[in-house]
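Keep the view open beside you as you read.

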Number of protein chains: 2
Amino acid sequence: MSSETEPHEVRDPGKRVRFFDTSLRDGEQAPGIHLNQREKVEIAHQLSRLGVDVIEAGFPISSPGDFEGVQAIAREVEGPVIAGLARSQDKDITTCWDAVKDAGKPRIHTFIATSDIHLKWKLRMDRAQVLAAATDAVRLARSLCEDVEFSCEDATRSDVAYVAEVVASAINEGATTINIPDTVGYTMPNEFQKYLLELYERCPGLADVTLSVHCHNDLGLAVANSLAGMHVGARQVEGCVNGIGERAGNASVEELAMILRTRADDVGGLWCEINTEEITRSSRLISRMTGYVIQPNKAVVGRNAFAHEAGIHQHGMLANPLTYEIMDAKSVGLARSELVLGKHSGRHALQHALEELGYSLDREAMAAVFARFKEVADKKGELSALDLEALMGDEMRVEAVGGYVLSGFSLTAGSEDPPTARVVIAGPDGTRVEQEASGDGPVDALMKAIDAAIGSSGKLLEYSVGAVTSGMDALGEARVVCEIDGRTYTGLGVSTDVLEASAIAYIRAVNASRMVEEGERVKEGV
Amino acid sequence: MSSETEPHEVRDPGKRVRFFDTSLRDGEQAPGIHLNQREKVEIAHQLSRLGVDVIEAGFPISSPGDFEGVQAIAREVEGPVIAGLARSQDKDITTCWDAVKDAGKPRIHTFIATSDIHLKWKLRMDRAQVLAAATDAVRLARSLCEDVEFSCEDATRSDVAYVAEVVASAINEGATTINIPDTVGYTMPNEFQKYLLELYERCPGLADVTLSVHCHNDLGLAVANSLAGMHVGARQVEGCVNGIGERAGNASVEELAMILRTRADDVGGLWCEINTEEITRSSRLISRMTGYVIQPNKAVVGRNAFAHEAGIHQHGMLANPLTYEIMDAKSVGLARSELVLGKHSGRHALQHALEELGYSLDREAMAAVFARFKEVADKKGELSALDLEALMGDEMRVEAVGGYVLSGFSLTAGSEDPPTARVVIAGPDGTRVEQEASGDGPVDALMKAIDAAIGSSGKLLEYSVGAVTSGMDALGEARVVCEIDGRTYTGLGVSTDVLEASAIAYIRAVNASRMVEEGERVKEGV
């Protein structure tokens, strides 16, 4: 038995499963995630390299930031279909179209809930009203865009006969993809198959469009339910990298892709166009930018997912890795050459290395990154690919518009006296303020000094520091989640000094709070 | 439709699924996890409260530490069956029996691989030899212990006809539970069902014993495969809390239990005796002691798993939580009262609080914890249940036998000069050594000073700091993973000062390296 089956030589076009990635919509709505436009675009570029068929880039009406993010991705990112989410309301749909229309392949994804519990408590509409709204929404969307996806939110807790009626009407109005979400992660694989088969029976038109499934992981079955859906006809699966998303998240794109690759012998000819070699890079990029850690035992992308990476030397493993490994680490892009740059590496070497990592920078950005690279290389000696990725992620956090910047700091701490920190902060207008404060701990002291200098007042909700790579001189990445003026902001800082990284992270969270001028952001989804 | 079905009033004894928890064996073998005996016993007590039917407490022959851990659990922990793992070799089995025999309900779990790839590369035995070894092993085990479980390692990649032959022989020798592991996380739900049904057909005796399944999560399907197994007759499922374990880990105990509870209407009468209200506490205890983080979007136990905990205020959610929640946070023990102690709380209040958290301490331990509590409460003002759990986890890391202790430290850092640290270390013999060092960052400086004082030399592999609770004066928990003398050690430190926490963590890792006198520990499993 082979441990991994090579992709079929002859692929049946009818068995191709399209991957719809919603990391930037369902994923980005998860608590504490706040991506800026530059980060969204960078992630979308990476998703394109990963080979997803559709990128759901955001929910344009929810905030100006979301609109601009979707628009930027539609204009810049080539390859995948670029979709935006819209409720079944005229303004949502026209706004969504405005955001996606510049894409090479735009899509409007409109939805409405069909379960009685959502009708009663969320929509306060009856079934006839929902049917009418769905019909009107698809009609409007189709008048603007040829590619229209329609979803019945909470479909798996809905009366299947009613869902069939709504779906039939959506198809009749020209919807090209029908998505059946298990919004609350409630269904079981067998139950889901029965449901979908009944839907096909009650709505024969479904056979003429693409059936999609969108599964949440509340009971740990998102991937299994998606697979069950594919087995009865779904030809689009929705998911997120690292399985992020609302609550327990969505089906993991990387797990689904590796099932189709590793078990090509058992999945009845189903296949996809995911470049699995881009999985590790995509996973790291999204983990770093969202601040969502990946547990060591996460399938496919966890630190321990591959036996040989985790240093397991079980008897037999050395003789033949297939005894314990069913996937080759290379197939997910884990084993790529360990690129290392030193402090004598020049701009050209850095540019080449960054290109190899998938970043393309303009002149100005390159100059900023090179300066930063030199600074870190001086302290640390050499930088690995992981270090560079961390620096890039960090640079992307620096907003183009001005904010406060840490010019310098000093700190004394010890077991005898409370720690004292002094910070020098440069303001957007060029002024420099110096302040000192003591605190319960060194990070507390730094933050109090920053608050005194800026006049900010944040409540720390979460704080974490991780080393990017091994070694005592590793780059540290500090992440803070703060509540400022009743809203949550995230800040990330990278430095060889964890104290400096913490101070930078906190200042960035404060900067984010000053820049956000949006009203209350609407969170919605399927 | 109700969001959660209450457990069936009338339960069919034939539909009861026994939960076999292997967090302390398969989980504890994962890279970087090193639990001391006190921690193992504490986890086993918690697993007993969680209501698991079987605790696999370790692999007694693998090391003296494993043997003692299993023996201590067998002697102290009441309720569940206490199992130990043993290869199909005489010495393994007699050693296992010595370790478990004092338990109220002991079990010997013996195994051998049945796949051709394992026979060839790992065992270097042919099928006849493996059959004979399995037969002998079960015979010997059964001569010692009435409760014997037999597993075919890598069963899902084995010839089912051959597995049926081995299983029939094991049953003939008196095995009471037959476990079919998907050792490498390779199988698919439908394929696994077909496999098990064929096994029943080829080995009719299987119907007279308990069929067990043990699924790994390499492709994200461990829970789905376990569920598929239960649907065709498995009445024992093996798994770990938080889904820890080798590589991508095992089926998550908490996900399986919540499926049976939440979807009691759909699982054909299957039920279990898990006290789901103990899930959150079990999850936190194991995460803290293993150092394995839980990703925010982990099903059931992630920070965001419950919508209302994550602060999601979607329209409809406030009107009726059932619109987005299919499980009640109370059902996993998440919403228990927020116990808070202040600096004026006395020993009695602390004892009461610890008992409520599930800890029972003897006089001496209580005195140590109380002193620590006072110290932290003085700095921090008040301590929540989470803080207490962190302190308890921290205290349990302190070995009874002596080691190096941080007596004091001071540090200066800043953007101008390299950071300098001074540490005072008390040795096991009572001597005090003071040393100073500078480094690339403050943590590096502290570690170099410690190395100078102790004469240690560790290579830092991983470093992370997390805040236990919200607020600037939160307790910080530092975790280091170091390579010392070619082996990996973990250290954990808790303090309101992240620098102090880091220093404590590193010293503990060094202490661990000095205390381990084991030979190369054998890692094995199914």
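**A helix and its surroundings**

Contact here means heavy atoms within 4.5 Å, and buried means under 20% relative accessible area, with exposed over 50% and partly exposed in between (1.4 Å probe, protein chains only). Helices (H or I, at least four residues) and strands (E, at least two) are DSSP runs, numbered from the N terminus.

Before going further, please note that this is a predicted model, in which local features need pLDDT of at least 70 and side-chain atom pairs count only at pLDDT 80 or more, while totals for chains, interfaces and linings use all residues. Residues are numbered from 1 along each chain as its sequence is written, chains are lettered from A and ligands numbered from 1 in the order in which they are written, and side-chain values use heavy atoms, with hydrogens and water left out.

Chain B tells its own version. There, 10 of the 10 residues of helix H10 (residues 253-262) are buried, so this helix is largely enclosed by the rest of the structure. The cover over the buried residues of H10(B) includes strand S1 (18-21), helix H2 (37-50), helix H9 (222-231), strand S8 (236-239) and helix H11 (279-290) of chain B. Thr262(B) belongs to H10 of chain B and is buried, with a relative accessible area of 0%. From the C-alpha atom of Thr262(B) to that of Gly185(B), 77 residues away along the chain, the separation is 25 Å.

Now look at the loop between S8 and H10 of chain A, where you will find Arg247(A). Arg247(A) is not a glycine, yet it has a positive phi of about 50°. Arg247(A) is buried, with a relative accessible area of 3%. In chain B, Arg247(B) is found in the loop between S8 and H10, has a positive phi of about 50° although it is not a glycine, and is buried at a relative accessible area of 3%.

Two further stops are worth a look. Ser151(B) lies in strand S5 (residues 148-153) of chain B and counts as buried at 0% relative accessibility. Leaving aside residues up to four places away in sequence, Ser151(B) touches His109(B), Thr110(B), Phe111(B), Ile112(B), Asn179(B), Pro181(B) and Val526(B). Ala349(A), in helix H12 (residues 347-356) of chain A, is partly exposed, with a relative accessible area of 32%. Ala349(A) and Arg284(A) are 65 residues apart in sequence and 23 Å apart in space, C-alpha to C-alpha.

Step back to chain A as a whole. It contains 16 helices and 16 strands. Its radius of gyration is 24 Å, close to the 24 Å that the globule rule gives for 526 residues, so chain A is as compact as a globular protein of that length; the radius is taken over C-alpha atoms, and the rule is 2.2 Å times the number of residues to the power 0.38. Along its principal axes, the C-alpha trace of chain A spans about 75 × 60 × 45 Å. Of the 526 residues in chain A, 65% are buried. Among contacts in chain A between residues at least 6 apart in sequence, 67% join residues at least 24 apart.
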